[in-house]
Amino acid sequence: MSVTTDLTPPTSPRSFPEPKAVLTLLKPITWFPPMWAYLCGAVSAGVSPAGHWVAVILGVILAGPIVCGMSQAANDWCDRHVDAINEPHRPIPSGRIPGRWGLWIAIAMSAFAAVVGLALGPWGFGATLVAIAAAWAYSVEPVRLKRSGWWGPGLVGLSYETLPWFTGAAVLSMGAPSWPVIIVAVLYGLGAHGIMTLNDFKALEGDRQMGVNSLPVTLGPERAAKLACVVMAVPQVIVFVLLFFVWDRPVHGLAIAVSLIAQLYAMQVLLRDPKGKAPWYNGVGVALYVSGMMVTAFAVRTLEAWP
């Protein structure tokens with residue numbers, strides 16, 4: 001009896017992907033964070049959007065549907081074995097996207113992203129190439145940083161928040177952003193590590209079986225949730241200190257403080273049942289987190305280069 005070693009999806013009667021399944025593969029719900037971060041970057045640049053609307057709109061589309069969509073396709077292709085355990089109804093393991101179509105879609109979108117990035121000038125193009133490389137490094141063997149509960153969420157947080165924020169500011173200002181912009185972009189990207197850790201709760205069983213060492217797997221749900229809360233909160237405390245005490249933006253700083261206090265309350269709810277409440281927190285707590293990003297963007301847009 002022969003043994004099948006190819007772990008590609010089983011043969012499907014379909015020859016071409018189901019159109020609705022392709023949209024599901026690209027996961028539109030995940031597009032918002034990088035799109036929002038790009039807008040935060042555009043705001044924080046301190047440049048009037050008049051005359052730059054094409055760069056703003058094109059950058060938002062590139063950050064969300066194109067680059068983030070591509071990253072989701074690449075991740076689902078590389079995760080098809082885990083998904084067959086956790087979520088067999090997904091487009092690839094279910095056969096609605098047959099054969100190697102998931103891989104071809106991810107590759108084609110990578111090339112398309114690079115072409116679109118050219119339209120945003122050297123800063124936009126360079127950032128796009130970095131984003132493409134990060135997406136594949138996260139998912140594909142032998143690198144597959146997703147296997148690490150530290151490197152994987154860190155890379156995603158920086159790619160979803162820091163990189164598009166930096167890109168939006170650089171594209172509109174047509175040069176390197178100021179240090180305040182870079183600092184807050186990095187801080188919010190680091191804080192997003194916690195958000196990504198909470199997102200790993202939904203794949204806990206499959207990750208454990210397939211050797212993906214997410215923090216919920218290696219630390220357990222309770223400890224991973226506590227760590228995620230700390231990682232999300234600390235950068236926001238630093239942002240508050242910078243705005244209130246260093247950059248003379250007390251009103252914006254207080255707004256960040258209020259948002260953080262509300263998040264701390266939500267974190268208490270999360271910690272009572274980390275696995276059960278993680279999806280709830282990803283709706284409530286993350287909304288407060290990203291609101292603070294835009295408040296911070298408006299705060300730093302008028303700052304001179306610092307220090």
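Helix α9 passes helix α12 in a left-handed crossing (the near helix is turned anticlockwise from the far one by less than a right angle). This is a predicted model, where local features need pLDDT of at least 70, side-chain atom pairs count only at pLDDT 80 or more, and totals for chains, interfaces and linings use all residues. Residues are numbered from 1 along each chain as its sequence is written, and side-chain values use heavy atoms, leaving out hydrogens and water.

**The helix pair**
- α9 covers residues 179-199 and α12 covers residues 221-246, and they pack at about 165 degrees with axes 8 Å apart.
- That makes α9 roughly antiparallel to α12 (angles over 145 degrees count as such).
- The contact (heavy atoms within 4.5 Å) includes I183, L187 and Y188 of α9, and A224, A225 and A228 of α12.
- Sorted by type, the contact residues are 15 nonpolar, five polar and no charged (Ala, Val, Leu, Ile, Met, Phe, Trp, Tyr, Cys and Pro are nonpolar, Asp, Glu, Lys and Arg charged, and the others, Gly among them, polar).

- Most residues other than glycine have a negative phi, and most peptide bonds are trans.
- The bond from E141 to P142 is cis, though, with omega near 5 degrees, and P142 sits in the loop between α7 (121-139) and α8 (151-173).
- R144 is in the loop between α7 and α8 too, and its phi is positive, near 40 degrees.
- K27, in the loop between α1 (19-26) and α2 (32-44), has a positive phi near 50 degrees.

**Buried or exposed?**
- K27 is buried (under 20% relative accessible area), at 15%.
- R144 also counts as buried, at 7% relative accessibility.

Note on methods
Axes are lines fitted to C-alpha atoms, for helices over the stretch in contact, and angles run from 0 to 180 degrees between N-to-C directions. Helices (H or I, at least four residues) and strands (E, at least two) are DSSP runs, numbered from the N terminus. Angles under 35 degrees count as roughly parallel, over 145 as roughly antiparallel, 65 to 115 as roughly perpendicular and the rest as oblique. Buried means under 20% relative accessible area, exposed over 50%, partly exposed in between (1.4 Å probe, protein chains only).
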